[in-house]
Amino acid sequence: PFGEPARGALYEGREPFWACLYLGAAALVLVASGVDGSGESRASAIGLGLALATSLGRFTPLYPLLAAVTPLAFVRYPVKYTLAGALFWALLASRGVDATRRDGLRRAGVAVFLLVGSLAIAAASVSAWPAAIDGLLRPGEALRAAARQSLVGKLAFAGAAALLAFLVARKARGRRLAWVLLALLCVAETLPVAQAVNAVAPRALLEAPARAAAVVPAGSRMYASVAQPLDWFPKQLARMPPGWNGEWALALGRQDMLAPPLGARAGLLGSYDGDVAGFAPPLLGNLTLILTRAESTPLAVRLLRLGGVGFVVTVDDKPWPGLAPVAAIESVFRNPIRVLAVPEPQPRAYLVGEARVEPVADAIRTLGSSDFDPAREVVLDEGTALRAAAGEAFEGRLTELERRPDRWRFETQAERPAALVVLEAYERGWRARLDGLATPLVRANALFRAVMVPPGRHQVVMEYRPPALGWGAALSATGVAALAALALSRPSRPPQAALSSADSPGEAQA
């Protein structure tokens with residue numbers, strides 16, 4: 001329960017990504033004992049230190065340095081590396097089990113003293129300096145009491161673990177009992193944390209169908225309007241099933257309104273969903289931001305049509321001029337879930353007879369202009385512009401022959417040059433062939449992809465073949481070959497050596 005300044009500094013204003021990672025104060029006694037100077041323990045200790053330092057992200061110079069020269073930042077949340085630290089922690093604790101039985105607490109004595117002393121000082125400071133604690137936590141005596149209780153509890157666990165380890169090391173009577181109690185103590189300290197990692201939801205929540213999906217045709221592309229402050233939806237809860245808590249009811253409501261990415265469970269395609277994972281092109285995030293700020297305006301409707309979005313799902317009561325109401329569905333929220341139809345959305349693939357060629361920055365402005373009609377023309381980032389004579393209508397036919405996640409095949413027929421536009425993300429790994437020959441594939445309408453086709457009947461194939469795929473396959477094959485070579489070159493054990501090791505010393509001499 002940090003205060004606002006501390007939360008802003010530690011978590012950029014959000015709650016921690018993983019609040020359940022706790023290694024245990026009691027186990028530290030065994031971990032410290034496991035660092036015995038051997039190569040294995042040194043390797044585990046270094047691994048533990050690197051993992052924990054990396055998990056602190058921008059709070060240490062290590063993570064930015066490694067992220068600049070390795071794919072370390074790919075997982076986005078540095079705290080995930082605490083899992084690797086937990087592995088090394090467990091390895092050292094297992095070594096500490098043997099070390100405590102063999103050598104007592106000589107190696108761990110300083111660490112245990114520092115641990116217990118630090119916890120005692122921290123527990124005392126909560127009561128001695130309430131103003132300082134209020135500067136870190138949300139002010140309140142209840143929070144200070146909770147913090148003091150937590151620290152005293154950790155102090156008790158660490159002190160009890162040190163005492164039991166001391167009894168085990170003395171090899172005195174009752175040693176076996178102390179050994180069992182030490183193991184149970186380490187488990188008992190972390191068990192409550194493990195039980196609270198993920199609250200178990202009722203089965204009815206997992207089995208409940210999304211209500212908005214019942215009125216949106218399968219395969220449609222939809223936009224869920226969730227551009228609200230983080231605390232807006234909880235405040236809209238007006239009813240919930242008997243015996244449910246607010247979190248379960250909120251999850252049910254967001255599922256009913258197909259909040260991203262829940263529409264995929266119902267076989268629906270998302271649109272302008274934002275970039276929660278951090279892998280989408282920046283342009284998608286920019287256009288999503290523009291759309292969320294322009295909701296209920298003609299610009300929003302234009303962007304929805306441009307992206308082939310057929311339906312809007314929203315739970316607020318603001319108007320959407322130009323959209324046709326489809327259904328109003330009662331849910332746990334105060335307002336009904338409204339499903340609205342977008343007029344004349346673009347199909348997922350289509351032909352146009354006119355094209356503008358503009359840089360991407362200018363293209364975004366063009367897409368929002370009222371004189372741009374996505375059903376008639378397209379904005380390309382490179383290529384040749386197409387212009388129709390005054391009053392000349394374009395006639396073309398597009399037939400989809402094959403569609404897979406990594407391959408689309410079309411047949412086009414047009415009376416003059418045209419652009420084949422596909423409403424899927426542009427990415428440099430996509431390649432295009434026209435009648436079997438390579439042809440340029442360009443960015444269309446800032447987000448999508450297009451291929452220019454000449455007049456007449458032609459076949460166009462789009463395939464996803466990123467260069468990294470070949471490099472990855474080559475590296476994998478090299479690794480497999482290297483492992484096979486190491487396995488084959490490993491010398492086999494001579495039969496005599498194997499026999500000698502199996503025999504007794506006397507038999508070997510004989």
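Predicted model: local features only at pLDDT ≥ 70, side-chain atom pairs only at ≥ 80, totals over all residues.

Entry one. I began with strand 14, which spans residues 448–453, and I found that it is mostly covered, since five of its six residues are buried.

Entry two. I then looked up which strands pair with strand 14. Strand 10, residues 418–422, runs antiparallel to strand 14 and is joined to it by five bridges; in this pairing I noted Val421, which stands opposite Ala450. Strand 13, residues 442–444, is also antiparallel to strand 14, and here I found three bridges.

Entry three. I followed the chain from strand 13 to strand 14 and saw that the two form a hairpin with three residues between them, and that Asn445 in the turn has a positive phi of about 50 degrees.

I picked out Arg443, which lies in strand 13 and has Arg449 of strand 14 as its bridge partner. Is Arg443 buried or exposed? I looked up its relative accessibility, which is 17%, and because buried means under 20%, Arg443 counts as buried.

Leaving out residues up to four places away in sequence, Arg443 touches Leu283, Val360, Val379, Leu380, Asp381, Tyr426 and Phe448.

Terms used. Residues numbered from 1 in each chain as written. Heavy atoms only, no water. Buried < 20%, exposed > 50% of the residue type's maximum accessible area, 1.4 Å probe, protein only. Helix = DSSP H or I, 4+ residues; strand = E, 2+ residues; numbered from the N terminus. Pairing = 2+ DSSP bridges. Contact = heavy atoms within 4.5 Å.
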